[in-house]
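Biologist: I am new to this structure and would like to go through it in questions and answers. Please show it first.

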Amino acid sequence: MIVIQPFYFDKLFINYFMETRNIAIIAHVDHGKTTITDALMRQTGMVTNDSASMDSNALEQERGITIYSKNTSIFYKDTKINIVDTPGHADFGSEVERVLRSIDSVLLIVDAQEGPMPQTKFVLKKSLELGLKPIVVLNKIDKPAANVERAHDQVLELFMDLGANEQQLDFEVVYAIGRDGIAKRKMSDNSKDLNPLLDVILENVKPAISDASLPLQMQVFNLGYDDFLGRLAVARIYEGTVHCGKKIFVKKPDGQTRSATITKISTFYGIEKKEVKEAFAGDIVMISGIADIYIGETICENTDQQPLSAISVDEPTISMNFLINNSPFAGKEGKFVTSRQIRERLEKELEINVGLKVDFFANDTFQVFGRGEMHLAILLENMRREGYELQVSQPQVIIKDDSGVKMEPFEEVTIDVPDEFSGAVIEKLSKRKGTMINMNSENNHTRIIFEIPTRGILGYKNEFVIDTKGEGILCTRVIGFKPCVGTIEKRKVGSMVSMVAGKTLGFSLYNLQDRGTLYIGPTIEVYEGMIIGNTAKGKDLAVNPIKGKHLTNMRSSGADEALRLTPPIEVSLERGMEIIKDDEYLEITPKNIRLRKQLLTDNERTKAKR
């Protein structure tokens, strides 16, 4: 027997035992997940500010992508719909994997022009394996090159390729323009809002089970932090009721049990969180009071209850060494520069980043394992903005031993380029041990699908932008470990290494720019061993970037003409991770990113080669 208990959000009266639906929005990057979520919140009155968005993190707003999964809820026809907005980039797949266990269905967003892309396959595969029946939303149907029928057929083929059952193959399709907040059940329908999409959700997503009579059982799938409340846990309530002051037991997947007390409960209301006294089975809530809670742990009412199965994610594919910064400029900009501070920061990251692993060594070196270059780059960018100073080594793929056979990660690379650039792309990826498995051309654009070792794709994206003149799209997803393919041929460039310390001068850089590409401009402080550019011949070159012009009393016509310097290439975090070599470090500080040799002096490097 379920007792109906009302509660209040400010002046709005809501019957809490209204039906609840729990869904996640999944898709490839830039197919419109967050845009549709924002439009749903605006239409249902959850936000009144048109600029309000689920992408609230500074990095998300700068890059225009979703990095962290976030919760919201909307109310429609006396139904509460909990929505989880997930990342679309393959490197943040762990954010998607842990969320799928907490919901009952997914909205699969597919761009009507691009069709299914690599991350579409990844998130759909995980959803189908859990037995979820997706609702397909073909978005951006207003694009000039949108082809709804082709996109629908490609989605159906993808379902069949991934082994969907008959029930999953009978999916509902909604057509949408997320930017304008419009959805249709048929292309010929007239629609001015997203009500058709909301109606499809109510018709096809089963209400969350709401049985408050059973003992409490809930599982944590995300974490938050508050300066006053400490660690917060975002959890799905599967059975029972949770209320403030309740004594509970926290169980690890292996059965270890500890006790705690719930001190505060919040439920999601749009992008805000509203405090409530109690919450019931079927809902998604945020709780505080458990200082050592972790993702995947089960919160129970009794000690004899069994924990829910662990939340597992795919294993990392690349690693980097994090070290304290020991360059001559160390400590000038950062607030946190010691190995202890870096260790504490990484330990804190491990609590919420389930796709990350760290080996803590005794010699102040931390080997960090991640799902891709961007996965680690976002961690490093967050650390430098928080005031951390450190240096990292070249990214390396993880090699596994399987019965004596060396295995390395492989990726499926999907490339869309104008026809004229396809030849250069195929040539480059073939040299990097890529195998072309599909190619088709339409409307003067070619889509090529390669299978390639992760080693082969590392450091290629910058070359790809140059080869395609910025008109190409490259997307990847990890497809698993396969036998190593041996040596991979890459474009070799040498490093232009400063042999002195001081401030660079335009006269010296003018004479050096013909040797290669410079990373710095004039009047920049450098130190011995710092890399200021690359050399086209592929060999390292020790240079003097602070040498000035020798002045004499002799004058000649044209001798004092203005020097014209080619603008340097800025070394960003991602670019630095691409161009760094195995004998170099990337020095990361709150204000600067520099490349340097591991051994700073020329004598040390010469001895090491011997």
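Biologist: Does Asp 78 count as buried or exposed, and at what relative accessibility?

Modeller: This is a predicted model, so the answer comes from computed values. Asp 78 belongs to the loop between β4 and β5. A residue is called exposed over 50% relative accessible area. Asp 78 therefore counts as exposed, at 66%.

Biologist: Which strands are the edge strands of the open sheet of 7 strands?

Modeller: The order in this sheet is β4-β5-β3-β6-β7-β8-β9, and the pairing is mixed. An edge strand pairs on one side only, which here gives β4 (70-76) and β9 (182-184).

Biologist: Which residue of β8 stands opposite Leu 138?

Modeller: Strand β7 (residues 135-139) pairs with strand β8 (residues 173-177) in the parallel sense, over 3 bridges. Leu 138 is also among the residues that touch the most other members of the largest nonpolar core, which has 59 residues. Its opposite in β8 is Tyr 175.

Biologist: How far apart are the end C-alpha atoms of α5?

Modeller: Helix α5 (residues 148-161) lies across β6 (105-111), β7 and β8, and runs at about 145° to β7. With 14 residues at 1.5 Å a residue, α5 should span 20 Å. The distance between its end C-alpha atoms agrees with this: 20 Å.

Biologist: Within what arc do the buried residues of α5 fall, seen down its axis?

Modeller: The buried residues of α5 are Val 148, Ala 151, Val 155, Leu 158 and Phe 159. They line one face of the helix, because seen down the axis of α5 they fall within an arc of 100°.

Biologist: Which residues are exposed on the other side of α5?

Modeller: The buried residues of α5 pack against β6, α4 (118-129), β7, α6 (166-169) and β8. On the other side of α5, the exposed residues are Glu 149 and Asp 161.

Biologist: How many of the residues of strand β37 are buried?

Modeller: From β37, Ile 593, Leu 595 and Lys 597 point one way, while Arg 594 and Arg 596 point the other way. Residues on both sides are buried. Strand β37 (residues 593-597) is thus largely enclosed by the rest of the structure, with the buried residues numbering 5 of the 5.

Biologist: Which residue of β37 is the bridge partner of Ile 531?

Modeller: Strand β34 (residues 530-535) runs antiparallel to β37, and 2 bridges join them. In β37, the bridge partner of Ile 531 is Leu 595.

Biologist: Through how many residues does a hairpin join β36 to β37?

Modeller: Strand β36 (residues 584-588) pairs with β37 over 5 bridges in the antiparallel sense. Across this pair, Glu 587 stands opposite Arg 594. The hairpin joins β36 to β37 through 4 residues.

Key: Residues numbered from 1 in each chain as written. Predicted model: local features only at pLDDT ≥ 70, side-chain atom pairs only at ≥ 80, totals over all residues. Heavy atoms only, no water. Core = buried A, V, L, I, M, F, W, Y, C linked by side-chain atoms within 4.5 Å. Buried < 20%, exposed > 50% of the residue type's maximum accessible area, 1.4 Å probe, protein only. Pairing = 2+ DSSP bridges. Contact = heavy atoms within 4.5 Å. Axes fitted to C-alpha atoms, helices over the stretch in contact; angles between N-to-C directions. Expected span 1.5 Å × (residues − 1). Arc of directions from axis to C-beta.
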